Amino acid sequence: MPAEPSASPAQAYLQAARQIQERVEATQLEAIQECARLCGEAILQGGLVHMFGAGHSRMALEEMFPRYGSFPGFHPIVELSVTFHNQVVGMNGQRQAMAIERTEGLGRVILRNFEFGPHDLMWVVSTSGAGALVVDVALEAKRLGMPVIALISAAHCEVCEPGHSSGKKLPEVADLVLDNGAVPGDAMVRVPGLRYPVGPGSTLGNTLIINAVKCEVARILTEGGQPPYVLTHAHSVGAEHSREVFDLAYDDYRRRVRRL
């Protein structure tokens, strides 16, 4: 649904952002519940939910853990070579990062660094769902016997060519696919006189889905007799208990990941 003709670019972006929330709520609730079930069951059994994302998808991993309102059980796998964006040019620049993302075989090399368990699963975040690296990670996770969850933009994925020699994109590898509701190309706002759209929306959809899943997993763990240690601000529980629960959460995370 296009923005109102009289809307300013800022208003147009906010209207498009509301449309993403409406799309996620209208179409993704069942997938969110299933994703939470898979994650909750894995964590209850002592497994880990490994999360991988390249480029700006890294933000979704950090949204899951560690931050306020989050808890152990999720293991973000972040490769600086494909996520360290603030250099832009020069050493560790964007051109190198984008080239590395197209390097097939790197996914297996990355996952070779970890000892995965029988109850683990892999969650791959990629708006395009088509890059060589993310498909590589998903294929290797499947080879290792892990269920794979994908968080993509279905509309953007549809217009992207596969970057992997298998010809596959994430939806063809994953056991469960979530759609962040972003438009093809991600940018949502047209400015009069400017050829290029601005204002990406995938971060919004990713954040909505990540936190919706997180809330459901908290319920599943609590009902399963394993209420999580949640990183909680002093405003909610007092300064002393906030410090205590942070230490408990970090110690719990250390215990869960030490086998890796």
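Trainee: What are the ground rules for numbering and confidence?

Mentor: Residues are numbered from 1 along each chain as its sequence is written, and side-chain values use heavy atoms, with hydrogens and water left out. The model is predicted: local features need pLDDT of at least 70, side-chain atom pairs count only at pLDDT 80 or more, and totals for chains, interfaces and linings use all residues.

Trainee: What makes strand 4 mostly covered?

Mentor: Strands are DSSP runs of E with at least two residues, helices are runs of H or I with at least four, and both are numbered from the N terminus. Strand 4 spans residues 148-152. Buried means under 20% relative accessible area, exposed over 50%, partly exposed in between, with a 1.4 Å probe and protein chains only. Five of the five residues in strand 4 are buried.

Trainee: Which residues cover each face of strand 4?

Mentor: V148, A150 and I152 lie on one side, I149 and L151 on the other, and all are buried. In a regular strand the side chains alternate between the two faces of the sheet.

Trainee: How do you know that strand 4 pairs with strand 3 and with strand 5?

Mentor: Two strands pair if DSSP finds at least two bridges between them. Four bridges join strand 3 (residues 121-125) to strand 4, and four join strand 4 to strand 5 (residues 176-179). Strands 3 and 4 run parallel, as do strands 4 and 5. V124 has A150 as its bridge partner in strand 4. L151 has L178 as its partner in strand 5.

Trainee: Why is the unit of strand 3, helix 6 and strand 4 called right-handed?

Mentor: A crossover is right-handed if, with the strands pointing away from the viewer, the path from the first strand over the helix to the second runs clockwise. Strand 3, helix 6 (residues 132-143) and strand 4 make a β-α-β unit of that hand.

Trainee: Why is E41 with R37 called a salt bridge?

Mentor: The definition asks for a side-chain nitrogen of Lys or Arg within 4 Å of a carboxyl oxygen of Asp or Glu. The closest N and O atoms of E41 and R37 are 3.1 Å apart, so the pair qualifies. E41 and R37 are four residues apart in helix 2 (residues 29-44), so about one helical turn separates them. E41 is partly exposed at 36%, and R37 is partly exposed at 33%. By this rule the count comes to 13 salt bridges.

Trainee: What makes D252 and R256 a salt bridge, and are they buried or exposed?

Mentor: Their closest N and O atoms are 3.1 Å apart. Both residues lie in helix 11 (residues 239-257), four residues apart. Elsewhere, salt bridges that share partners join E34, R37 and E41 into one network.

Trainee: How do you know that the structure holds zero disulfides?

Mentor: A disulfide is a pair of cysteine sulfur atoms within 2.5 Å. C215 is in no disulfide either: the nearest cysteine sulfur, that of C35, is 13 Å away. The total for the structure is zero.
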